[in-house]
Amino acid sequence: MTALIEEIGREGLTVPQVAARAGVTPSTIYRRWNDMATLISDVAQRNLRVDCPLKPSGRLSEDLPAWAEMYQEEMDSTPGRAMIRDVLRGWDGTQKACPLLDAVRPSIALICEASGEPVTFDVEAVIDAVVAPLVTRIVFTDAPLPAALARDAAVAFVARHSSGK
């Protein structure tokens, strides 16, 4: 499917093309996915990274900003932006959580659990302060994000929570 998207593009892709490449009939595809947007979204969701791309050092004040910077680099890239938009195309809002947020929870939790520093917040607070603004900007603008946007948000977040504010 990913190869077809690269060859044909999202807009030109049809269910019969996907079925032919998979060696099945179009009805097989339609039984599982109601439309191309849902199929493309499902493929994008499977490609979301859920493993933490860094080995936590145990220093939250370093690990969370480093992770945020990596997350921004990955998601603000052309393929990352396409993946975000593909995931959102198929998300109808009826699931309890958007797959984009489910994908980052394990990394944030791992960083918090590995911390030798006191953690006075939960994963959702990091999503609200660091991930959500980043994803919002990616979805609603075509301009590249400021290089240190996620890192700075993570540094400020950790500073707020380590000073008891």
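Residues are numbered from 1 along each chain as its sequence is written. In this predicted model, local features need pLDDT of at least 70, side-chain atom pairs count only at pLDDT 80 or more, totals for chains, interfaces and linings use all residues, and side-chain values use heavy atoms, without hydrogens and water.

Me: Which element of the chain has the highest mean pLDDT?
Reply: pLDDT is the predictor's confidence in each residue, from 0 to 100. The chain averages 85, and 92% of the residues score at least 70. Among the elements, helix 4 (residues 36-47) has the lowest mean, 73. The highest, 95, belongs to helix 9 (residues 149-162).

Me: How many helices and how many strands does the chain have?
Reply: Helices (H or I, at least four residues) and strands (E, at least two) are DSSP runs, numbered from the N terminus. Along the sequence the pattern reads α-α-α-α-α-α-α-α-α. The count is 9 helices and 0 strands.

Me: What percentage of the residues count as buried?
Reply: Buried means under 20% relative accessible area, exposed over 50%, partly exposed in between (1.4 Å probe, protein chains only). The C-alpha atoms fill a box of roughly 60 × 30 × 30 Å along the principal axes. Of the 165 residues, the buried share is 39%.

Me: Are helix 6 and helix 8 roughly parallel or roughly perpendicular?
Reply: Axes are lines fitted to C-alpha atoms, for helices over the stretch in contact, and angles run from 0 to 180 degrees between N-to-C directions. Under 35 degrees counts as roughly parallel, over 145 as roughly antiparallel, 65 to 115 as roughly perpendicular and the rest as oblique. Helix 6 (residues 78-90) and helix 8 (residues 123-140) pack at about 90 degrees, with axes 10 Å apart. The two helices are therefore roughly perpendicular.

Me: How do the residues of the contact of helix 6 with helix 8 divide?
Reply: Contact means heavy atoms within 4.5 Å. Helix 6 brings Arg-81, Ile-84, Arg-85 and Leu-88, while helix 8 brings Val-135, Ile-138 and Val-139. Ala, Val, Leu, Ile, Met, Phe, Trp, Tyr, Cys and Pro count as nonpolar, Asp, Glu, Lys and Arg as charged, and the others, Gly among them, as polar. The division is 5 nonpolar, no polar and 2 charged.

Me: Is Arg-81 buried or exposed?
Reply: Arg-81 lies in helix 6. Leaving aside neighbours within four places in sequence, its contacts include Met-75, Asp-76, Thr-141 and Asp-142. Its relative accessibility is 8%, so Arg-81 counts as buried.

Me: Which backbone nitrogen does the side chain of Asp-76 reach?
Reply: Asp-76 is in the loop between helix 5 (60-75) and helix 6. Its relative accessible area is 17%, so Asp-76 is buried. Beyond four places in sequence, Asp-76 touches Arg-81, Ile-138, Pro-144 and Leu-145. At 2.9 Å, its side chain reaches the backbone nitrogen of Leu-145.

Me: With which side chain does Asp-142 make a polar contact?
Reply: A polar contact is a pair of N or O atoms within 3.5 Å; within protein, one must be able to donate a hydrogen and the other to accept it, and residues adjacent in sequence count only if both atoms are side-chain atoms. Asp-142 sits in the loop between helix 8 and helix 9, and at 67% relative accessibility it counts as exposed. Not counting residues up to four places away, Asp-142 touches Arg-81 and Arg-85. The polar contact, at 3.4 Å, is with the side chain of Arg-85.
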